[in-house]
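Please open the structure in your viewer and keep the sequence beside it.

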Amino acid sequence: MRNSSPVLRSGLTVAAAALPLALAAMPAAAGPGISVSTTGNTVSVTTSACTQINGSWGTASLLTSSQGSFAQGRQVTLSGTSTSQSAAWSSVSAGTYTVIVICSDGTTAGTQSVVVSPSPSPTATRSPSPSASPSRGVMGGSGGSATDYGTVTLVAGGTLVGAGLFGTAWYLRRRNKPYRF
């Protein structure tokens with residue numbers, strides 16, 4: 001019988017050694033914090049860390065790289081509910097910004113940098129040119145045929161189909177008869 005306990009112990013040792021490495025590789029989740037996003041030239045921030053005091057959730061500030069304090073940035077009052085508060089800035093020019101959210105109780109909900117990409121300049125787009133359509137279309141009822149057949153062609157085709165049916169019936173009738181000597 002094989003003793004598997006050393007293998008088991010070495011497997012647990014490897015797993016225990018790998019756990020700190022796996023935890024270090026994952027991004028740290030520092031509580032509720034803030035979430036900043038950009039759409040075009042609009043920057044928005046969302047948080048769930050603030051509580052409402054005297055009807056106010058708090059204030060968010062958008063700072064350029066040359067601004068150093070909360071008071072120097074573009075400030076917006078947070079709005080929302082007890083589960084989510086948000087603020088947004090529109091007409092933000094391209095560049096790197098820092099968003100800071102301070103709750104109404106004076107605590108900082110979070111700070112995060114964001115890059116606003118330059119909006120693409122509008123270009124004149126050409127409208128697609130109309131393409132010529134077929135004069136009669138596909139003629140779906142005629143099996144996709146685009147040729148109109150005359151009476152002679154139709155009679156000749158009907159004769160061939162009739163001859164084929166007659167030949168098939170004659171062959172099957174002769175086949176059922178027993179051979180006579």
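Which residue in S7 stands opposite glycine 58? Select glycine 58 together with cysteine 103, for cysteine 103 is the residue facing it in S7. Please keep in mind throughout that this model is predicted.

Strand S3 covers residues 58–64 and strand S7 covers residues 95–103; the two run antiparallel and are joined by seven bridges.

S3 and S7 belong to an open sheet of four strands, in the order S4-S3-S7-S8, with antiparallel pairing. Strand S4 (74–77) and strand S8 (108–116) stand at the edges; each has a single partner strand, so one side of each has no neighbour in the sheet. Turn the view to follow the twist, which averages 20° from one strand to the next. While the strands are displayed, show their side chains as well: in a regular strand, side chains alternate between the two faces of the sheet.

S1 and S2 form a hairpin, with two residues between them. Select glycine 40 in the turn, where phi is positive, at about 65°.

Finally, select residues 151–176, which make up helix H2 and include tyrosine 171. Tyr171 also forms part of a nonpolar patch on the surface, together with Phe166, Trp170 and Leu172. The accessible area of these residues together is about 520 Å².

Notes: Residues are numbered from 1 along each chain as its sequence is written. This is a predicted model: local features need pLDDT of at least 70, side-chain atom pairs count only at pLDDT 80 or more; totals for chains, interfaces and linings use all residues. Side-chain values use heavy atoms; hydrogens and water are left out. Patches are made of residues with over 30% relative accessible area and no salt bridge: like charges are joined within 9 Å, nonpolar side chains (Val, Leu, Ile, Met, Phe, Trp, Tyr) within 5 Å. Accessible areas come from the Shrake-Rupley method with a 1.4 Å probe; for residues, only the protein chains shown count as cover. A salt bridge is a side-chain nitrogen of Lys or Arg within 4 Å of a carboxyl oxygen of Asp or Glu. Two strands pair if DSSP finds at least two bridges between them. Axes are lines fitted to C-alpha atoms, for helices over the stretch in contact, and angles run from 0 to 180 degrees between N-to-C directions.
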